[in-house]
Amino acid sequence: MPYAEKDEAKALGARWNPRVKKWYVDTQPKNYSKFSRWILRDTDEAMIALNYIYVIEAEQRCWKCGMVTPVIGLGIGEYINIYEEENKDKVFHDEPYEGKSTFEEEIHLAWASREEDIPPRLLIYLKQNYFVRTQYSRTIRASCFANYCKFCGALQGNWFLFDEPDSVLSSCVPDEETLVERMRNLKIKGIHIEDGLQLNWEVGYCARDNAYLKYGNYEEIILSERPEGRGVSYEELFMHQ
């Protein structure tokens with residue numbers, strides 16, 4: 001946020017956190033559009049995750065060495081979307097999706113190809129527990145954050161994992177039997193977040209995205225370091241940069 005605009009933002013309710021050196025708002029999701037001038041500064045659309053984000057674990061056979069290696073994706077559940085259309089004087093937002101119960105909610109498979117798009121505390125957790133790193137991809141001729149083989153180190157391509165229906169992580173399966181079998185091989189790890197979290201992740205959508213929580217093996221992980229903390233706060237997520 002430009003320094004010259006800070007008083008205007010503060011008048012609307014924005015606050016500065018000196019520990020993580022970021023502006024934040026403590027308000028209901030329906031009020032986020034009031035801050036769209038800053039939320040949409042570098043984009044015409046923004047996604048703000050609410051309540052939970054997810055890590056989705058699976059295994060696949062490495063294309064290079066043939067060994068079975070673990071792979072992961074990220075996931076977004078309930079969220080609010082803020083966006084502009086051609087009329088730049090008007091900002092819209094979608095109401096957050098709210099499932100009737102935990103196991104009726106949807107998870108949308110997601111990924112971030114750049115480390116800087118992942119909150120630092122979550123990035124540390126991913127690197128400590130999974131085989132992920134930034135490395136050069138010959139396919140896209142650029143470096144990207146990706147899974148790699150536990151055994152031979154070969155990059156496990158982001159396109160195949162997150163954009164192809166044949167991916168072990170995808171819920172885009174035509175028949176119920178195959179869908180159930182694939183989902184039951186997944187471990188779904190929920191991370192409760194205390195604050196709305198704006199994320200610049202690539203997110204996919206499928207008509208059967210409710211299958212992750214319906215059939216997958218679910219557990220919660222706690223990233224908060226506070227003794228009483230079940231959910232992780234915005235400050236905790238960004239303190240490790």
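Ile53, Leu126 and Trp201 touch the most other members of the largest nonpolar core, which has 51 residues. Here a nonpolar core is a set of buried Ala, Val, Leu, Ile, Met, Phe, Trp, Tyr and Cys residues joined through side-chain atoms within 4.5 Å. Strand β4 (residues 52–61) supplies the largest share of this core, six residues. A second, separate core has twelve residues, among them Ala9, Ala14, Ile39 and Ala46.

The model is predicted: local features need pLDDT of at least 70 and side-chain atom pairs count only at pLDDT 80 or more, while totals for chains, interfaces and linings use all residues. Residues are numbered from 1 along each chain as its sequence is written, and side-chain values use heavy atoms, with hydrogens and water left out. Helices (H or I, at least four residues) and strands (E, at least two) are DSSP runs, numbered from the N terminus.

Not counting residues up to four places away in sequence, Ile53 touches Gly75, Leu122, Lys189, Gly190, Ile191, Ile193, Leu197, Leu199 and Trp201. Contact means heavy atoms within 4.5 Å.

The structure holds eight salt bridges, each a side-chain nitrogen of Lys or Arg within 4 Å of a carboxyl oxygen of Asp or Glu.

Glu225, in the loop between β15 (217–221) and α7 (234–238), and Arg121, in helix α3 (residues 120–129), are 104 residues apart, and their pair links distant parts of the chain. Arg114, Glu116 and Asp117 are linked in a network of salt bridges.

Burial is set by relative accessible area: buried is under 20%, exposed over 50%, and partly exposed in between (1.4 Å probe, protein chains only). Glu116 counts as exposed because its relative accessibility is 60%. Arg114 is partly exposed at 42%, and Asp117 is buried at 14%. In the other pair, Glu225 is exposed at 57%, whereas Arg121 is buried at 14%.

Asp209 lies in the loop between β14 (202–203) and α6 (211–215). Asp209 is buried yet has no salt bridge, and the nearest side chain of opposite charge, Arg208, is 9.0 Å away. For charge, Lys and Arg count as positive and Asp and Glu as negative; His and the chain ends are not counted. The side chain of Asp209 reaches the backbone nitrogen of Cys206 at 3.0 Å. Leaving aside neighbours within four places in sequence, the contacts of Asp209 include Glu105, His108 and Ser171.

Technical notes: A polar contact is a pair of N or O atoms within 3.5 Å; within protein, one must be able to donate a hydrogen and the other to accept it, and residues adjacent in sequence count only if both atoms are side-chain atoms.
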